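Please go through this structure with me in questions and answers.

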Amino acid sequence: EKAMQDRRSEWTENKKLTIYCGTWNVNAKKPSEESITPWLVPPPNHGANKEAKVVLPDVYCLGFQEVVDLNAQSLLVDHN
């Protein structure tokens, strides 16, 4: 491990990243044709600084809630 630490600069680099984290409760609905692009990519010139250009994140981290059917059986069955 010490040898790897000593040579860390040979195989690593520090870089600032932008990360977009979001969660969406789909409410057990089937997927639709609706685009999620507006949620993931803000429109140009939005917000307080109208001159700022859109900067897309380097990494997207998305969570989805209630993806299963919400029926009596799925609610009563213990999935542990």
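Q: Is Leu62 buried, partly exposed or exposed in this model?
A: The model is predicted, and Leu62 lies in strand 2. Its relative accessible area is 35%. Buried would need under 20% and exposed over 50%, so Leu62 is partly exposed.

Q: Which strand gives the largest share of the nonpolar patch?
A: The nonpolar surface patch covers about 650 Å² and is made by Trp24, Val41, Val54, Leu56, Tyr60, Leu62, Phe64 and Val67. One of these residues, Leu62, lies in strand 2. The largest share, 3 residues, comes from residues 59–65, that is, strand 2.

Q: How many aromatic pairs are there?
A: Two rings pair if their centres lie within 6.5 Å. By this rule the count comes to 4.

Q: Is the pair of Tyr20 and Tyr60 stacked, edge-to-face or tilted?
A: The ring centres of Tyr20 and Tyr60 are 5.7 Å apart, with 55 degrees between the planes. Stacked would need under 30 degrees and edge-to-face over 60, so this pair is tilted.

Q: How many residues apart in sequence are the parts that Tyr20 and Tyr60 tie together?
A: Tyr20 is partly exposed at 22% relative accessible area, and Tyr60 is partly exposed at 35%. Tyr20 belongs to strand 1 (residues 19–25) and Tyr60 to strand 2, so their pair joins parts whose separation in sequence is 40 residues.

Q: Which strands does the pair of Trp24 and Phe64 tie together?
A: Trp24 and Phe64 form a tilted pair, 6.4 Å centre to centre and 35 degrees between the planes. Trp24 is partly exposed at 31%, as is Phe64 at 43%. Because Trp24 lies in strand 1 and Phe64 in strand 2, the pair ties together strand 1 and strand 2.

Q: Which residues do ring pairs link into a cluster?
A: Two of the pairs have been described: Tyr20 with Tyr60, and Trp24 with Phe64. The cluster linked by ring pairs also takes in Trp39. Its members are Tyr20, Trp24, Trp39, Tyr60 and Phe64.

Q: How many disulfides does the structure hold?
A: Cys61 is in no disulfide, its nearest cysteine sulfur being that of Cys21. Cys21 is exposed at 55% relative accessibility, whereas Cys61 is partly exposed at 42%. The number of disulfides in the structure is 0.

Conventions: Residues numbered from 1 in each chain as written. Predicted model: local features only at pLDDT ≥ 70, side-chain atom pairs only at ≥ 80, totals over all residues. Heavy atoms only, no water. Disulfide = S-S within 2.5 Å. Buried < 20%, exposed > 50% of the residue type's maximum accessible area, 1.4 Å probe, protein only. Patch = residues over 30% accessible without salt bridge, like charges linked within 9 Å, V, L, I, M, F, W, Y side chains within 5 Å. Areas by Shrake-Rupley, 256 points an atom, 1.4 Å probe, with all protein chains shown as cover. Salt bridge = Lys/Arg side-chain N within 4 Å of Asp/Glu carboxyl O. Helix = DSSP H or I, 4+ residues; strand = E, 2+ residues; numbered from the N terminus. Phe/Tyr/Trp six-rings, centres within 6.5 Å; stacked < 30°, edge-to-face > 60°.
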